Amino acid sequence: MNQDIIISAKFVSKKTGRPVSSSKYWSKVMAKGFFKDCFLDMQNLDDEGKIKGYSNLDLTGNVKPDIYFELYFEDKKVFKSRVYKKSDFLKGRRISNHPFALDFGTIQV
(Lines give C-alpha, C1' and ligand atoms only; values in the text may rest on other atoms or scores of the structure.)
Protein backbone atom coordinates (compact mmCIF):
# COMPACT_ATOMS: atom_id res chain seq x y z
CA MET A 1 0.00 0.00 0.00
CA ASN A 2 1.58 3.24 -1.13
CA GLN A 3 -0.12 5.68 1.26
CA ASP A 4 1.48 8.94 2.34
CA ILE A 5 0.80 9.96 5.93
CA ILE A 6 1.16 13.05 8.12
CA ILE A 7 2.18 12.54 11.75
CA SER A 8 1.74 15.37 14.26
CA ALA A 9 2.26 15.79 18.00
CA LYS A 10 2.98 18.46 20.59
CA PHE A 11 5.60 18.18 23.35
CA VAL A 12 5.07 19.98 26.67
CA SER A 13 6.97 20.01 29.96
CA LYS A 14 5.37 17.95 32.77
CA LYS A 15 6.65 20.47 35.30
CA THR A 16 5.47 23.71 33.71
CA GLY A 17 2.88 22.67 31.13
CA ARG A 18 4.66 24.90 28.63
CA PRO A 19 5.65 23.78 25.15
CA VAL A 20 9.13 22.32 24.75
CA SER A 21 10.52 24.83 22.31
CA SER A 22 14.07 25.52 21.29
CA SER A 23 15.87 25.21 18.01
CA LYS A 24 18.01 22.55 19.75
CA TYR A 25 15.08 20.13 20.27
CA TRP A 26 14.08 17.66 17.58
CA SER A 27 12.08 14.47 17.39
CA LYS A 28 12.27 11.15 15.60
CA VAL A 29 9.06 9.36 14.68
CA MET A 30 9.49 5.60 14.84
CA ALA A 31 7.40 2.51 14.08
CA LYS A 32 7.91 -0.44 16.41
CA GLY A 33 8.94 -3.54 14.50
CA PHE A 34 9.04 -7.21 15.38
CA PHE A 35 12.78 -7.49 14.79
CA LYS A 36 13.83 -3.92 14.11
CA ASP A 37 12.18 -0.54 14.59
CA CYS A 38 11.55 1.61 11.53
CA PHE A 39 12.55 5.27 11.23
CA LEU A 40 9.68 7.28 9.72
CA ASP A 41 10.69 10.93 10.00
CA MET A 42 12.72 13.52 11.90
CA GLN A 43 11.48 17.03 12.65
CA ASN A 44 12.59 20.07 14.63
CA LEU A 45 10.08 21.28 17.21
CA ASP A 46 8.47 24.62 16.38
CA ASP A 47 7.89 27.49 18.85
CA GLU A 48 4.74 25.75 20.13
CA GLY A 49 6.51 22.42 20.73
CA LYS A 50 4.84 20.83 17.71
CA ILE A 51 6.08 18.56 14.98
CA LYS A 52 4.49 17.66 11.68
CA GLY A 53 6.17 14.75 9.96
CA TYR A 54 5.59 13.14 6.60
CA SER A 55 6.13 9.49 5.75
CA ASN A 56 4.62 6.50 3.98
CA LEU A 57 2.88 3.43 5.39
CA ASP A 58 4.97 1.24 3.07
CA LEU A 59 7.97 1.90 5.30
CA THR A 60 6.26 0.23 8.25
CA GLY A 61 5.04 -2.88 6.44
CA ASN A 62 1.85 -2.51 8.45
CA VAL A 63 -1.46 -0.71 7.85
CA LYS A 64 -1.78 0.02 11.60
CA PRO A 65 1.77 0.52 12.87
CA ASP A 66 2.80 0.91 16.50
CA ILE A 67 4.23 4.45 16.67
CA TYR A 68 6.49 6.09 19.23
CA PHE A 69 8.46 9.33 19.48
CA GLU A 70 12.00 10.04 20.62
CA LEU A 71 12.89 13.56 21.73
CA TYR A 72 16.45 14.84 21.44
CA PHE A 73 18.24 17.89 22.77
CA GLU A 74 21.08 18.54 20.38
CA ASP A 75 22.36 14.97 19.85
CA LYS A 76 21.29 13.48 23.17
CA LYS A 77 18.07 11.45 23.50
CA VAL A 78 16.17 12.93 26.45
CA PHE A 79 12.78 11.21 26.16
CA LYS A 80 11.02 8.24 24.60
CA SER A 81 7.22 8.22 24.45
CA ARG A 82 4.96 5.30 25.10
CA VAL A 83 4.12 3.16 22.08
CA TYR A 84 0.84 4.11 20.43
CA LYS A 85 -0.47 0.67 19.44
CA LYS A 86 -2.19 0.03 16.11
CA SER A 87 -2.19 3.66 14.96
CA ASP A 88 -4.87 3.79 12.30
CA PHE A 89 -3.87 6.48 9.82
CA LEU A 90 -6.54 5.47 7.31
CA LYS A 91 -9.27 6.52 9.74
CA GLY A 92 -7.53 9.83 10.34
CA ARG A 93 -8.48 13.17 8.88
CA ARG A 94 -7.96 13.55 5.15
CA ILE A 95 -8.25 16.78 3.21
CA SER A 96 -8.79 16.46 -0.52
CA ASN A 97 -5.81 14.80 -2.23
CA HIS A 98 -3.55 15.29 0.77
CA PRO A 99 -2.28 12.32 2.78
CA PHE A 100 -4.10 10.87 5.76
CA ALA A 101 -3.20 12.68 8.98
CA LEU A 102 -3.06 11.42 12.54
CA ASP A 103 -2.48 13.77 15.48
CA PHE A 104 -1.02 12.06 18.53
CA GLY A 105 -1.98 15.01 20.69
CA THR A 106 0.03 16.39 23.59
CA ILE A 107 2.94 14.36 24.89
CA GLN A 108 4.24 15.31 28.35
CA VAL A 109 8.01 15.22 28.70
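Strands are DSSP runs of E with at least two residues, and helices are runs of H or I with at least four residues; both are numbered from the N terminus. By this definition, R18 lies in the loop between β1 and β2. The model is predicted, so local features need pLDDT of at least 70 and side-chain atom pairs count only at pLDDT 80 or more, while totals for chains, interfaces and linings use all residues. Residues are numbered from 1 along each chain as its sequence is written, and side-chain values use heavy atoms, with hydrogens and water left out.

The chain has 0 helices and 7 strands. Read from the N terminus, the order of elements is β-β-β-β-β-β-β. The radius of gyration is 14 Å, close to the 13 Å that the globule rule gives for 109 residues, so the chain is as compact as a globular protein of that length. This radius is taken over C-alpha atoms, and the rule is 2.2 Å times the number of residues to the power 0.38. The C-alpha trace spans about 40 × 35 × 20 Å along its principal axes.

Of the 109 residues, 43% count as buried. The chain exposes about 6,900 Å², and carbon and sulfur atoms supply 48% of this area. Accessible areas come from the Shrake-Rupley method with a 1.4 Å probe; for residues, only the protein chains shown count as cover. A contact means heavy atoms within 4.5 Å. Among contacts with a separation of 6 or more, 59% involve residues 24 or more positions apart.

Charge was counted with Lys and Arg as positive and Asp and Glu as negative, leaving out His and the chain ends. Each charge is placed at NZ of Lys, CZ of Arg, CG of Asp or CD of Glu. There are 20 positive and 13 negative side chains. The centres of the two sets lie 6 Å apart.

Strand pairing requires at least two DSSP bridges between two strands. Strand β1 (residues 4-12) pairs on two sides of the record of bridges: with β4 (residues 50-56) it runs antiparallel over 7 bridges, and with β7 it runs parallel over 7 bridges. Strand β1 is mostly covered, with 7 of its 9 residues buried.

Strand β2 (residues 25-32) is joined to β5 by 8 bridges, and the two run antiparallel. β2 also pairs with β3 (residues 38-44) in the antiparallel sense, over 6 bridges. β2 and β3 form a hairpin with 5 residues between them.

Strand β5 (residues 66-73) is largely enclosed by the rest of the structure, because 7 of its 8 residues are buried. In a regular strand the side chains alternate between the two faces of the sheet. E70 sits in β5. This residue is buried, at 8% relative accessible area. Beyond residues up to four places away in sequence, E70 touches W26, S27, K28, M30, K77, F79 and K80.

β5 also pairs with β6 (residues 76-80), antiparallel, over 4 bridges. L71 has F79 as its bridge partner in β6. The hairpin of β5 and β6 has 2 residues between the strands. E74 lies in this loop. Its phi is near 55°, a positive value in a residue other than glycine. E74 is partly exposed, with a relative accessible area of 41%.

A positive phi also occurs at K86, about 45°, although K86 is not a glycine. K86 lies in the loop between β6 and β7 (100-108). K86 is exposed, at 60% relative accessible area.

R18 is likewise exposed, with 61% relative accessibility. Leaving aside neighbours within four places in sequence, R18 is in contact with V12 and S13. R18 and L59 are 41 residues apart in sequence, and their C-alpha atoms are 33 Å apart in space.

Key. Buried < 20%, exposed > 50% of the residue type's maximum accessible area, 1.4 Å probe, protein only.
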